[in-house]
Structures are given as structure tokens and as C-alpha cells.
Amino acid sequence: MVIAVLAVQGAFAEHEHMLEKLGISYVELRKKDDLYQKYDGIILPGGESTVQGKLLKELDMYDTIHGQIQQGMPVLATCAGLILLADSVENDDREYFKTLPVTVKRNAYGRQLGSFHTKQELKGIGIVPMTFIRAPYITGVNEGVDILAKENGHIVAVRYKNQLAMSFHPELDDDERIHKYFAEIVREHAKQ
């Protein structure tokens with residue numbers, strides 16, 4: 001199993017470190033040629049969604065990754081990655097992959113000073129640490145979306161088919177269970 005990590009901007013190195021700890025091979029997606037490597041899942045890291053979206057298009061990577069996700073390739077999206085997947089962003093008119101049938105609110109918790117750390121129940125995993133940095137949250141979900149976690153009444157983690165998306169940064173904490181859970185999704189998909 002090999003997992004691709006979008007490495008154009010954001011917290012990709014932290015995801016790679018988590019995969020290393022779990023003994024999972026990974027490749028970086030930095031340019032169009034990188035998309036021709038063999039990989040079984042994709043991580044869309046936190047960072048700046050507007051910058052990542054712009055770079056994906058400028059580097060001619062957008063259409064290929066979009067197609068892979070539409071065809072069912074498992075994806076783990078954190079923070080900015082959630083915004084890239086969302087069908088609708090209520091306070092931004094830019095559009096990205098639109099493969100996850102949810103509505104999100106960018107910077108919903110405020111600017112950098114609104115960043116915080118907490119612990120909450122994540123369905124199927126248990127109590128997990130959650131680090132929020134200028135995070136979005138999900139304001140609405142459509143049919144078929146499984147809500148995995150809420151924080152203070154706001155939806156902060158969902159699963160839709162092979163897409164696992166969250167507002168927070170699991171790669172910034174020592175808890176490996178979310179990445180293990182994603183790896184299981186990737187393994188199950190690879191068997192099909």
C-alpha cells in the first residue's frame with residue numbers, strides 16, 4: 001500500500017511523519033509527473049485552501065486528482081483539504097473538487113488567535129485529540145454523509161464513501177488512530 005500526500009503547500013510533512021510511524025509507504029505529489037506514480041489513496045493536508053486550489057490548477061494536477069477521487073480513490077482531507085472537497089463553501093465563491101456533499105464555513109473559528117485544542121469522541125475510534133487552527137466546520141450535510149464527530153455542536157468530521165474529512169489536524173497530535181483508520185479504508189478499497 002502506498003499513500004500519496006499532496007505536497008504543494010501546508011502540513012504535508014506532518015502527515016508523512018505519521019505514515020512513517022505506521023510503517024506506511026508514501027509518495028509526494030508536487031508536480032504533474034508525480035501523478036503517474038502508483039498509489040492507493042491520497043491525503044489532502046491542512047494549509048491554505050485558496051493557495052492549494054490555485055497551485056493544483058497552475059501545476060495541471062487538478063483534473064487528474066479530481067478524477068481519481070470521483071472514481072473512488074480513498075482520500076483523507078484535513079482542514080484546508082476539507083474545503084477542497086466540499087460541495088459548497090458558504091463564505092467563499094471559489095469552487096474546488098466538490099466531491100464531498102457538505103457545506104463548510106471557512107475560518108469558522110476565527111483567525112489564528114481562535115485556534116484551540118480539545119478532545120472529542122470520533123465515531124468508531126473513541127476520544128481523540130483535536131487541534132483546530134483557523135479551522136472550518138461543516139454547516140450542512142447531504143444524504144449519505146456519516147457524521148463522525150462534533151465539537152461544541154458543530155460538525156468537525158465526516159465520512160462519505162471513501163472520503164474521510166475533518167476540520168482539525170490529526171497529523172499534529174501523537175494519536176495515530178485516524179491515520180490507521182484511513183489506512184484501513186485504503187486497504188479495503190484496494191481489495192475491490
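This is a predicted model: local features need pLDDT of at least 70, side-chain atom pairs count only at pLDDT 80 or more; totals for chains, interfaces and linings use all residues.

Me: Which residues touch the most other members of the largest nonpolar core?

Reply: The general idea is that in soluble globular proteins, nonpolar side chains tend to be buried together. In this model the largest nonpolar core has 34 residues, and those touching the most other members are Leu-44, Ile-65, Leu-85, Phe-97 and Val-102. Helix α4, residues 80–85, gives the most to this core, with 4 residues.

Me: What does Ile-65 touch, leaving out residues up to four places away in sequence?

Reply: Its contacts are Leu-6, Leu-29, Leu-35, Ile-42, Leu-56 and Phe-97. There is also a second, separate core of 28 residues, and Val-5, Phe-132, Ile-178 and Phe-182 are among its members.

Me: Now the strands. How many bridges join β10 to β11?

Reply: Strand β10 (residues 146–151) is joined to β11 by 5 bridges, and the two run antiparallel.

Me: What lies on from β11?

Reply: β11 is also joined to strand β12 (residues 163–166), by 4 bridges, again antiparallel. Here Ala-157 has Met-166 in β12 as its bridge partner. In this hairpin, which also has 2 residues between the strands, Lys-161 takes a positive phi near 55°.

Me: Is strand β11 mostly covered or mostly open?

Reply: Mostly covered: of the 7 residues in β11 (154–160), 5 are buried.

Me: Is Gln-163 buried or exposed?

Reply: The test is the relative accessible area, and buried means under 20%. Gln-163 has 6%, so this residue counts as buried. Gln-163 lies in strand β12, and its side chain makes a polar contact with the side chain of Thr-99 at 2.8 Å. Not counting residues up to four places away in sequence, Gln-163 touches Ile-69, Val-75, Leu-85, Thr-99, Leu-100 and Val-158.

Me: Where does His-169 lie?

Reply: His-169 is in the loop between β12 and α5 (177–191). Its relative accessibility is 5%, so His-169 also counts as buried. Leaving aside neighbours within four places in sequence, His-169 is in contact with Gly-46, Cys-79, Thr-131 and Ile-133.

Me: How far apart are the C-alpha atoms of His-169 and Gly-47?

Reply: The separation is 10.0 Å, while the two residues are 122 residues apart along the chain.

Notes. Residues are numbered from 1 along each chain as its sequence is written. Side-chain values use heavy atoms; hydrogens and water are left out. A nonpolar core is a set of buried Ala, Val, Leu, Ile, Met, Phe, Trp, Tyr and Cys residues joined through side-chain atoms within 4.5 Å. Buried means under 20% relative accessible area, exposed over 50%, partly exposed in between (1.4 Å probe, protein chains only). Contact means heavy atoms within 4.5 Å. Two strands pair if DSSP finds at least two bridges between them. A polar contact is a pair of N or O atoms within 3.5 Å; within protein, one must be able to donate a hydrogen and the other to accept it, and residues adjacent in sequence count only if both atoms are side-chain atoms.
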